[in-house]
Amino acid sequence: MAIVGQSNWRYCNKCFGLWFNGNPTNGVCPAGGAHTSSGSFDYLLAANDFRGVVAADAEEAAAGEDS
């Protein structure tokens, strides 16, 4: 199953939080001014509901034990 998510999240080294870099501006940083992405990676936040994946994997594993 492919991971579904949203990329373009950055780490702000001023407020130590993640912020979305897909907007026209960098937003307002709680530490003052705009967020900064200096040295940040591009983070992808997963949007899958992994509970269903874990349940399906457990069912497959249990079915394999019966074989």
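Q: Which residue forms a salt bridge with Asp42, and how far apart are the closest N and O atoms?
A: Arg10 does, and the closest N and O atoms of Arg10 and Asp42 are 3.0 Å apart. Keep in mind that this is a predicted model.

Q: Where in the chain do the two partners sit?
A: Arg10 belongs to strand E1, residues 5-11. Asp42 lies in the loop between strand E2 (18-20) and strand E3 (43-46). The two are 32 residues apart, so the pair links distant parts of the chain.

Q: Is Arg10 buried or exposed?
A: Arg10 is buried, because its relative accessible area is 16% and the cut-off for buried is under 20%. Asp42 has 47% relative accessibility and therefore counts as partly exposed.

Q: How many salt bridges does the structure hold?
A: One.

Q: Now the sheet. What is the order of the strands?
A: The order is E2-E1-E3, in an open sheet of three strands with antiparallel pairing.

Q: Which strands stand at the edges?
A: E2 and E3. Each has a single partner strand, so one side of each has no neighbour in the sheet.

Q: By how many degrees are neighbouring strands turned against each other?
A: On average by 50 degrees, with direction ignored.

Q: How many bridges join E1 to E3?
A: Three bridges join them, and the two strands run antiparallel. Gln6 has Leu45 in E3 as its bridge partner, and Trp9 stands opposite Tyr43 in E3.

Q: And over how many bridges do E1 and E2 pair?
A: Three, also in the antiparallel sense. Leu18 in E2 is the bridge partner of Tyr11.

Q: What sits between the strands in the hairpin of E1 and E2?
A: Six residues. In this hairpin Phe16 takes a positive phi near 65 degrees.

Q: Changing topic: how many aromatic pairs are there in the whole structure?
A: Two. In one of them, the ring centres of Trp9 and Phe20 are 5.4 Å apart and the planes are at 55 degrees, so this pair is tilted.

Q: Why tilted and not edge-to-face?
A: Because edge-to-face needs planes over 60 degrees apart and stacked needs under 30, while the planes of Trp9 and Phe20 are at 55 degrees.

Q: Which strands does that pair link?
A: Trp9 is in strand E1 and Phe20 in strand E2, eleven residues apart, so distant parts of the chain are linked. Trp9 is buried at a relative accessible area of 19%, whereas Phe20 is partly exposed at 23%.

Q: What about Phe41 and Tyr43?
A: Phe41 and Tyr43 form an edge-to-face pair, with 6.4 Å centre to centre and 85 degrees between the planes. Phe41 is exposed, with a relative accessible area of 61%. Tyr43 counts as partly exposed at 32%.

Q: Which residues form the nonpolar patch on the surface?
A: Tyr11, Phe16, Leu18, Phe41, Tyr43 and Leu45. Together they have about 610 Å² of accessible area.

Q: Where is Leu18 found?
A: Leu18 is in strand E2. At 43% relative accessibility Leu18 counts as partly exposed.

Key. Residues are numbered from 1 along each chain as its sequence is written. This is a predicted model: local features need pLDDT of at least 70, side-chain atom pairs count only at pLDDT 80 or more; totals for chains, interfaces and linings use all residues. Side-chain values use heavy atoms; hydrogens and water are left out. A salt bridge is a side-chain nitrogen of Lys or Arg within 4 Å of a carboxyl oxygen of Asp or Glu. Helices (H or I, at least four residues) and strands (E, at least two) are DSSP runs, numbered from the N terminus. Buried means under 20% relative accessible area, exposed over 50%, partly exposed in between (1.4 Å probe, protein chains only). Two strands pair if DSSP finds at least two bridges between them. Axes are lines fitted to C-alpha atoms, for helices over the stretch in contact, and angles run from 0 to 180 degrees between N-to-C directions. Rings of Phe, Tyr and Trp (its six-membered ring) pair if their centres lie within 6.5 Å; planes under 30 degrees apart count as stacked, over 60 as edge-to-face and the rest as tilted. Patches are made of residues with over 30% relative accessible area and no salt bridge: like charges are joined within 9 Å, nonpolar side chains (Val, Leu, Ile, Met, Phe, Trp, Tyr) within 5 Å. Accessible areas come from the Shrake-Rupley method with a 1.4 Å probe; for residues, only the protein chains shown count as cover.
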